[in-house]
Amino acid sequence: MNSIVFLVVIPLIAAFLSLFLGNLNKITMYIVTLFNLIFSISVFMSGKIPFNVAIGGWKAPFGINFVVTDITIYFLLLVNIAALMSITMVKDIKEYQFYSFYFVLLAATNGMVLTGDMFNFYLFTELSTFAIAGLVAYKRDRLSTGAALKFLILSSTASLFSLSSIGLIYKTLGTLNFADIALKLTKLNQASYNLILILFLASMLVELKIFPFNLWVVKSYEGSITSVNMFTHGMLGTAGIYGAIRILLIVFPNMYNTNISKVLVILSVFTVLIGEIGALKEKNLVKVLAFSSMAQMGIFMFGIALGSFESIKGSLYIVVSNYLAKLVMFIVTKQYSRAVDSKNYIDMKGLGRKYPILAISFTIAALSLMGMPFFAGFWGKFSIVISALSLDRLSTLGIAIILIASVIEGVYYLRISHTFFVEKDVNSVNISRVYSIIPFALALLILVVGIYPNSIEQMLFNVIDEIKNAPNKYINIILSLK
Amino acid sequence: MMAVLRVFLFSLFAIFIGLLFMGIGRKVIARIQLRYGPPFYQAFLDVGKLFSRKSITHNFVMDLGMVMSLGGLLATMLFVPIAGHVAVKTSTNLIVIMYLMAIGYLGMAMAVAASGNPNATIGVSRALTMMLGYEVPFFTVMLGLIIVNGTSSLELISQSQAGSILNWNMIRFPLSFIAAEIALQAMMGEKPFDAMIAPAEIASGPMVELSGKYLGLAFLTHAVSIFVETAIIVNLFMGGASNIFTFVLKQFEIYLITVFIEAVFPRFKIEQAVKFLWTVPMGIAVLQLILILLK
Amino acid sequence: MTKIFILSSLSLVFVGLYGVLTRKNIVKILIALNIIETGINMLLVAFGYVEGGITPILQSDLSIANLDKMVDPVPQALVLTSIVIGLGTTAFALSLAMRYKDTHNSISIRATDEEGVNV
Amino acid sequence: MKDEKSLFINIVALLILSFMAFYIYKVSIDTGEGIKITDNITPKMRVADRFLKKNVLDENSTYNFSQTAEDTSANIVTSIVVDYRLFDTTLEVIVLFVTILGFGFVIPKDRRRILKPSVILYRWSPILMILMLMIGGYMFINGHLSPGGGFPAGAIISTAVLIGVLAGRKTVNHKTLKVVEAIAGISIFGIGIASFIIKGVFFQNFLTGDKIGDLFSGGLIPVFYALIAFKVAAELSNIYFEFYEEC
Amino acid sequence: MIELLLVPLITTLSIAFFIKYKRVTWTLFLASNGFILYKLYSIYGMWSLSYSFNTGYEILGAKFNLGVSNNPIGWYFAFFSALITLIISIFSIGFNKNSKSNVSVIWMLIIFSNLGIFFAKDWVTFFMMWELMGWTSFFAITNGKDKALDGAKYYLSLSLFGAALLLIAISLLGAYTGTFEILPSAFGLLQIINSSTKLGIVILLLFLTTFIIKSAIFPFYMWPQKVYAEGPEDYITFMSSVMIKYGIYPMAIFIVPVVGSVNLPRILNTGNVLQYVIGYLGAISAVLGTLLAIFQTDMKKLFAYSSVSNMGYILLGFSSMTIVGFEGSLFHVVNHMILKAAIFLTLAAVVFRTGESEMHKLGGLVYRMPLTFMTFLLGIIAAAGIPPLNGFGSKWMIIQALMSKKMVVFAIAMIFASTGAFMYLFRALASIFLGQLPDRYKEVKEVPLTMAVPMFIMMVIMLLVGVVPGVVMKPLTTALKAVGYNVDIASWTVLEGSLKNATIDLKIVFYMFVAGVIISGLMYFFGNKSETVPQEDNYTAGEYPEEWGVDADRFNYSYSFYQPFKEMFDPLLESISIDDLFASVGRNFEYLSTTIQGLFKRGEGAVLLFSIGVLLLILGGLII
């Protein structure tokens with residue numbers, strides 16, 4: 001399966017080509033995305049997982065390698081599906097730079113998921129940061145420029161932290177490969193371990209939207225166009241989550257023996273609180289979604305920070321639910337805000353009666369985010385609650401606060417849904433029915449997972465199995481390959 | 001057939017005694033106030049006259065309400081043991097009696113409210129407020145007796161006091177008796193608790209629109225209620241009686257106390273009345289209740 | 001020797017961080033970022049430094065005989081990459097800053113991003 | 001920047017920094033078990049050991065100068081940059097590419113004025129340019145043998161372009177630069193794909209059998225470096241163009 | 001068993017599909033409701049029916065099953081709520097004739113969750129249905145109109161808050177007992193309380209809080225008035241009669257058995273601490289609900305508080321922990337269901353015809369809507385607990401139980417509440433239906449047939465249950481026996497009290513009442529003829545109010561009906577305003593929200609906050 005590299009290479013080549021293609025860019029965008037998606041599906045179906053690809057023929061700890069395990073392939077699929085969903089929202093964009101940024105982002109997010117090398121991961125992260133900053137600035141007005149600049153400054157500072165962390169890892173352990181690091185980290189002094197972890201975490205948390213690190217989130221969501229929001233959420237966000245899972249859980253599993261995981265618990269509780277409370281009075285639908293995705297990442301991080309089998313499973317359910325739901329919501333937001341030419345949801349009164357499928361999909365997505373039963377989010381919440389309550393007092397307190405904060409989430413989301421369904425005659429730009437298909441399909445998927453979690457239970461089990469048996473399984477895959 | 005007859009006779013008896021008490025009461029009051037007063041049978045004459053007069057009504061609710069009012073109180077009366085006799089064999093449950101009594105008041109209230117006169121409605125509103133005022137202390141008194149006897153049957157409570165006069169609850173639980181007596185004053189709507197009628201303020205309140213047979217029915221209702229309320233007190237505190245004559249005599253004693261108080265007291269404002277009822281008799285009743293519970 | 005390298009580069013990092021934290025002028029912030037960047041690059045090189053080491057270039061048989069004395073080449077390779085990234089960041093951020101000046105009429109990072117409000 | 005001298009922020013920042021410094025100090029004096037960050041660790045204990053000994057593929061192989069060993073260059077940094085970790089390098093090239101894209105995207109294009117160049121610069125610029133081009137060319141051609149390589153070479157070449165720009169001479173235009181950039185970029189991956197077709201492994205060096213120290217050694221390394229040099233040169237020149245035209 | 005749940009689901013989907021065709025949707029809706037009622041009737045007695053669904057979801061080391069089973073007490077609740085639901089849904093057809101939005105989809109989902117709650121076998125199923133009911137109610141309350149949004153939001157936030165507590169409770173219980181099934185977990189909870197009292201009590205209180213939120217018990221008594229005031233009348237009928245009982249059902253099957261058999265310190269040798277907690281909650285709700293109901297001017301709010309007070313009675317019955325009290329409470333559940341449905345149907349009819357729910361703006365409607373008046377009259381007689389109708393029996397049983405347990409405070413509270421009930425009930429009757437008919441309602445007509453029939457049915461049911469309580473008591477006692485309580489099957493008309501010689505035969509009470517009415521009726525007919533005069537023809541002390549411009553509206557005494565009484569309570573009610581507390585919580589959250597938005601809007605301190613975050617992490621790293 002050496003050809004897995006094409007997932008990164010083809011978009012990059014397309015990025016170069018996009019300079020000249022002009023009007024063909026849009027078609028290229030679809031072709032490349034479809035290629036990535038189909039390719040990852042074929043990898044998924046091939047049955048050769050897990051495998052390891054050494055680029056340039058240099059074997060694992062020495063060269064750069066791409067690893068495909070169960071986690072990888074699931075996240076690869078998620079990233080590429082999100083890409084496909086998002087580009088359906090791209091309309092009337094003339095600038096070739098937009099397409100180039102997109103291709104780079106596609107390559108970078110695929111690479112983040114695939115790579116098995118620390119420094120390579122850092123590079124891909126940087127690349128995706130740049131691409132997102134460029135995309136956020138697409139509108140080039142006051143808001144988006146400010147957002148992009150501030151995002152760039154913050155993430156550059158953060159990336160410098162992770163670079164120093166990589167340097168320290170190389171200095172002490174002499175290797176940059178994930179598996180190799182995981183193998184050798186046990187030899188590390190506890191204090192040094194903490195230092196390295198803190199430096200790396202600080203930069204990871206920026207992408208994961210955890211509270212004191214997330215001041216970029218709302219601005220960039222607000223300032224950018226919908227498709228870019230979907231990129232940020234579906235591609236960068238998902239890849240970031242992958243990074244968290246891969247690096248925190250597989251490379252740094254010792255984190256749970258330190259108090260840093262406790263700090264993470266506290267931070268994620270704060271994130272949830274701030275996300276939910278911030279969204280409470282917000283009228284701009286996009287900002288509401290931004291706050292809400294912050295809160296969801298808080299819940300995810302809470303589960304990860306607890307680190308038990310069940311809480312991680314819960315976190316994965318949250319990931320699935322948030323991934324699907326936010327895609328639906330962004331599409332609906334886009335269509336509705338286009339119809340009334342405003343992002344304020346108060347202006348969208350009555351649209352739900354005219355275009356019910358979109359509004360119903362939005363509602364389903366919202367309910368899933370609220371963790372309502374019969375929707376995907378519930379199982380996540382349930383798992384996290386159970387595991388949190390059987391752990392220490394801090395996590396019990398934390399989950400209580402999170403659950404109560406999610407009350408606020410329920411209030412503002414259902415208020416928005418209600419606004420859609422208010423009886424009012426609307427005269428708006430027509431929304432084609434075609435745009436209802438994707439959100440509705442995704443909403444159905446949420447329902448399916450919610451009602452019959454067995455449909456993804458096996459996948460999640462594989463993921464957790466890999467996480468929990470990390471030192472053996474993952475390391476063997478990479479380092480045993482000659 | 002026998003039962004129907006008994007029911008009929010009991011009702012007539014209650015009406016008779018009630019009207020008699022009313023007449024005597026008026027006479028007594030007159031004498032206290034140094035007037036001559038009407039003859040003791042004046043109440044019968046009044047009722048007869050009212051029923052023979054032509055009357056006006058506003059709608060069917062008035063008719064319905066008045067009938068319901070007398071019917072409800074008669075039904076209540078049938079549950080009260082009179083010298084050990086009950087019209088139909090049933091458990092003479094105190095709670096049932098209290099609730100049944102309410103239907104009479106409700107019917108009356110409905111009828112007068114249906115007349116559409118604001119004075120009447122004001123009267124009703126005061127009456128209902130007053131009801132909340134006296135029911136609570138009265139029930140507290142009852143609760144004490146029920147707990148002592150372990151039963152809520154009026155018949156059993158009155159039987160438990162048989163024998164010497166020292167067994168009477170009036171002697172055993174004097175505080176209860178005082179509280180019940182004050183509550184009874186309010187229950188009968190006599191001064192100082194007659195804010196709901198207050199002829200000078202609201203033109204006799206509930207009665208303002210009643211005429212002819214409606215007023216007659218109201219009279220009868222009042223008569224039956226006097227009978228029922230005094231009978232309850234007699235059963236609760238004076239051990240009932242072995243024969244009807246003694247029973248009526250005891251009832252009359254109770255009624256006489258009420259009349260004496262009525263004759264000399266001015267009127268409470270409604271909120272003063274409620275406050276009074278919830279402090280003085282209620283306090284006494286609670287004290288007694290605590291004594292009972294601690295025993 | 002290594003200690004001096006590390007200390008000086010660390011102090012660069014701290015100076016840079018101080019700048020990023022306290023400055024309001026975007027250009028100054030970017031300069032401060034560059035200073036951190038330089039500091040960290042120096043740090044990386046210092047991590048790979050070997051006391052009395054030689055350049056990791058195979059110029060002759062002599063150098064092959066002294067392979068153990070060579071400084072670590074990997075950090076140098078990483079630094080090469082990170083320099084370029086730093087350049088990219090700076091350049092991109094500067095271009096954004098130009099646009100920022102255009103839209104906000106200010107290069108203070110405190111300038112509000114709300115539409116229609118002046119500084 | 002009236003808030004620049006806000007005492008509060010300064011104090012907070014100093015506190016934060018001193019706390020961080022304290023923490024680093026604390027970590028460095030930690031006496032716990034295991035490898036510490038202050039430990040003196042030589043390349044021998046790192047993966048670099050295998051790079052230096054050029055026995056990544058075969059653990060037991062040894063070599064001498066002017067011999068074949070792992071088909072990489074004499075400059076070990078170069079072999080890491082362009083062979084062992086070639087993928088990183090291509091990515092960093094992409095980073096530059098993204099930067100250029102961002103430039104074209106966000107820089108306001110309206111208010112542009114170009115200063116008049118000085119005569120001296122105008123006259124001398126060709127000489128300087130030729131010199132620089134030569135140095136640049138030498139650097140990327142010899143990148144696998146001596147310090148230097150594609151990036152510095154690209155930077156030097158772009159400086160040549162910069163001088164041309166400053167001197168107001170028509171050297172290259174935007175379009176050419178873009179084409180060069182794209183072709184170089186695509187070629188890098190093209191070679192990768194070619195190696196995938198030939199060897200079945202992406203970015204594998206398929207030109208083998210050279211001797212270390214030769215000019216034509218290191219297989220694809222010089223090729224890559226040349227491409228990178230062109231690409232970097234084109235990109236940096238582009239940056240200069242953009243900024244210059246702006247001022 | 002499963003078809004009970006499948007049918008509403010499938011109906012929901014098909015209604016959603018045919019949403020444009022009102023006739024089809026209502027036919028489906030009614031048919032489905034009818035089927036549910038029939039099905040419930042047919043599974044009476046088959047207590048071993050159950051169904052479980054393997055989700056494949058793994059928790060606590062085992063694959064997790066969602067299950068429903070035919071729980072006898074659940075059946076009891078479900079059957080009567082299905083009956084009421086069917087009647088309300090017939091009413092709703094007429095009520096919604098002119099409305100644009102089609103509520104039947106949401107309704108069907110609510111009915112689904114309704115059945116799910118009552119038949120849930122394990123806590124997770126219960127929780128799922130519970131949550132489903134929470135948010136569907138939100139949509140049913142708002143019903144596409146902005147006016148009910150505030151109330152709905154209030155309800156939703158309380159409901160979600162309760163659900164959060166419930167989830168914590170369930171998870172704690174599951175984590176410590178290893179099972180989610182309701183009955184085994186009750187035993188598990190008992191063991192927890194015996195081994196570690198604090199934890200057990202916390203779990204129990206979490207459960208209790210959830211349930212009292214849904215049943216509007218004391219600290220959470222505000223939501224009914226907020227919701228009922230603006231919600232669609234047909235839905236709030238369902239809410240006030242059926243939904244408010246959702247908290248009672250789990251209390252009956254879970255809290256009461258646990259509290260009843262737990263070994264805790266006792267107070268005055270009458271009951272344990274938890275019993276008193278429940279009792280005080282009930283007593284405060286009963287008294288406070290009554291007082292607040294007395295002071296309302298909006299009829300829907302008035303009956304909202306009346307519901308609070310009735311829920312208080314039910315809790316009082318539970319708190320006695322005697323079988324009579326327990327039976328009485330469960331009996332009162334159904335009684336309250338019936339009478340509240342009747343009352344709210346009439347209120348809905350009034351609002352349907354007049355569009356007004358402020359009582360002082362109504363009056364004299366008896367002339368125009370006699371059937372509605374009769375239903376209302378019977379409803380309030382029942383609500384006041386006056387014998388020939390159905391509210392009496394259950395209240396009597398509860399008082400009996402309290403007296404036999406010597407819980408004097410609770411008994412007095414109960415009497416206070418039920419006497420106070422006369423006040424507000426009569427006030428509603430007088431203000432809405434009696435008094436002068438304002439000119440603007442001269443043209444009001446009686447409700448159409450689809451709405452009249454359900455009201456009539458409600459009248460019949462009220463009288464039937466009032467006279468023959470066995471209709472309800474027989475299934476109830478059968479169910480209790482099936483669960484394992486030591487009870488005799490009730491007879492048709494006799495109710496058993498717990499004190500000495502305390503049985504009442506409601507048949508005899510009814511006969512007595514009829515006898516009394518016959519006698520007084522005879523008197524009435526003996527009297528001379530009467531003449532009907534117009535309503536305006538009143539005694540006015542010789543004045544002509546029309547001349548001063550006093551119209552019928554102003555001639556009604558219905559605004560601030562109990563003003564002197566209210567003035568007594570104003571200081572008290574002001575000092576315990578839970579509403580202010582909740583409102584200030586909400587305000588503070590909104591204030592915080594603005595602050596946080598400001599933080600994110602500026603975005604300049606990003607790096608500073610980043611460093612602070614790093615500091616926090618470092619703190620975590622330092623404390624080894």
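In the predicted model, 37 residues of chain C are in contact with 46 residues of chain D, where two residues count as being in contact if their C-beta atoms, placed from the backbone, lie within 7 Å. Helix H1 (2-22), helix H3 (61-65) and helix H4 (73-104) of chain C each contribute at least two residues to the side of chain C that touches chain D; helices (H or I, at least four residues) and strands (E, at least two) are DSSP runs, numbered from the N terminus. H4(C) provides the largest share of that side, 16 residues. The side of chain C that touches chain D is made up of 21 nonpolar, 8 polar and 8 charged residues. In this classification Ala, Val, Leu, Ile, Met, Phe, Trp, Tyr, Cys and Pro are nonpolar, Asp, Glu, Lys and Arg are charged, and the others, Gly among them, are polar.

This is a predicted model, for which local features need pLDDT of at least 70 and side-chain atom pairs count only at pLDDT 80 or more, while totals for chains, interfaces and linings use all residues. Residues are numbered from 1 along each chain as its sequence is written, and chains are lettered from A and ligands numbered from 1 in the order in which they are written.

Among the 7 pairs of chains in contact, chains B and E share the most contacts. To this contact chain B brings 75 residues and chain E brings 68 residues. The elements that give two or more residues to the side of chain B that touches chain E include helix H1 (2-32), strand S1 (55-57) and helix H5 (118-149) of chain B. H5(B) gives the most to this side, with 16 residues. The residues on the side of chain B that touches chain E comprise 44 nonpolar, 23 polar and 8 charged. S1(B) also pairs with strand S7 (residues 530-532) of chain E, in the parallel sense and over 3 bridges; two strands pair if DSSP finds at least two bridges between them. Within this pairing, Ile56(B) stands opposite Glu531(E) in S7(E). By contrast, chain B does not touch chain C, their nearest C-alpha atoms being 61 Å apart. Chain B does not touch chain D either, with 63 Å between their nearest C-alpha atoms.

Within chain E, strand S1 (residues 50-59) and strand S2 (residues 62-69) run antiparallel and are joined by 7 bridges. Phe53(E) has Leu66(E) in S2(E) as its bridge partner. The two strands S1(E) and S2(E) form a hairpin with 2 residues between them, and Leu60(E) in the turn has a positive phi of about 50°. The domain assignment of chain E gives domain 1 (2-514) and domain 2 (577-622), with bounds that come from an automatic or database domain assignment. The centres of these two domains of chain E, taken over C-alpha atoms, are separated by 41 Å.

Chain A contains 20 helices and 2 strands. The C-alpha trace of chain A spans about 70 × 60 × 45 Å along its principal axes. Of the contacts in chain A with a separation of 6 or more, 80% are between residues 24 or more positions apart.
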